[in-house]
Amino acid sequence: MKSIRALTFDLDNTLWETDESILIAEEAMTAHLRSLTPPAWMAEFGLEAFRAVRKQIVEERPDIAHNLTLVRHETLIRWFENQGATRSIAKNLASEGFRVFYEERQKVEPYPGTVATLEILSKDYPMGAITNGNADLMAMPLGQYFQFCLQAQHFKKPKPDPVMFEEALKRLNVEPNECLHIGDDIEHDVIGAKQSGMRAVWFNTHAVIPEEDAPADYTITTLQELIGILKQPG
Ligand SMILES: [Mg+2]
């Protein structure tokens, strides 16, 4: 793909497995909050209870639904207010809980071969990251291969909306068809990038058999395959 001059990558479940790190982060957050509060406040707290409150928050505030940082803060505030905490105590606890969650959430393990592949690609292409999550790529060792990381929480809308793709193209200073986006989510990554005029690789991370053909230019099951694809003519 000689006409490709820049690359953008999704992060979660594209460069690393996310679910595990989120669960560990949730546990660390819970343990920390238990250490700060009367036992009764956290007696009922668990993944399901947390998700039930989060669902309420998202229903009440669709405007912040894509801002996972804000949603988590608001969910924790509501939880502690429901336990009888004052607003200011609830806010402090939410900040503490989020701080521990966020710190743990960044401890991700790249998929095998990811570091080597990014190192090779970054020599030939400027690269950006576009995520709907709140991974802080630029604070990680992997960040050294990237020019920037765009997080949905800083934009009006998450992927597949064009807003982040357009910002990435501007920063990479390339035309849409000169940029290849790589991601695991067909709607957010493949359809989103294609709608912005970019080309797209579907990273079929878990090698699932799709119900219908992915509307991607290429499909890969390991990141290393990208190196060969980029060498192809066209
Ligand atoms: Mg993803």
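## Basis and overall form

The model is predicted: local features require pLDDT of at least 70 and side-chain atom pairs count only at pLDDT 80 or more, whereas totals for chains, interfaces and linings use all residues. Residues are numbered from 1 along each chain as its sequence is written.

The secondary structure comprises 9 helices and 6 strands; helices (H or I, at least four residues) and strands (E, at least two) are DSSP runs, numbered from the N terminus. The C-alpha trace spans about 65 × 35 × 30 Å along its principal axes.

Of the 234 residues, 31% count as buried, that is, 20 or more other C-beta atoms, placed from the backbone, lie within 10 Å of the residue's own.

## Domains

An automatic or database domain assignment divides the protein into domain 1 (6-16 + 109-231) and domain 2 (19-105). Their C-alpha centres lie 29 Å apart.

In the interface, 8 residues of domain 1 are in contact with 6 residues of domain 2, contact being defined by C-beta atoms, placed from the backbone, within 7 Å. The domain 1 side consists of 3 nonpolar, 4 polar and 1 charged residues. Here Ala, Val, Leu, Ile, Met, Phe, Trp, Tyr, Cys and Pro count as nonpolar, Asp, Glu, Lys and Arg as charged, and the others, Gly among them, as polar.

## Nonpolar cores

A nonpolar core is a set of buried Ala, Val, Leu, Ile, Met, Phe, Trp, Tyr and Cys residues joined through C-beta atoms within 7 Å. The largest has 34 residues, of which Ala 129, Leu 137, Phe 165, Ala 168, Ile 182, Ala 200 and Val 201 touch the most other members. Two or more residues each come from strands S1 (6-9), S2 (127-131), S3 (148-151), S4 and S5 and from helices H7 and H8. H7 gives the largest share, 5 residues.

Beyond four places in sequence, Ile 182 touches Leu 7, Phe 9, Asp 10, Thr 14, Val 201, Phe 203 and Leu 226. A second, separate core of 12 residues includes Trp 41, Met 42, Leu 76 and Trp 79.

## Helix H8

Helix H8 (residues 186-195) has Asp 189, Val 190, Gly 192 and Ala 193 buried. The buried residues of H8 pack against helix H7 (162-172), strand S4 (179-183) and strand S5 (199-203). After H8 comes Gly 197, with a positive phi near 85°.

Methods. Two residues are in contact if their C-beta atoms, placed from the backbone, lie within 7 Å.
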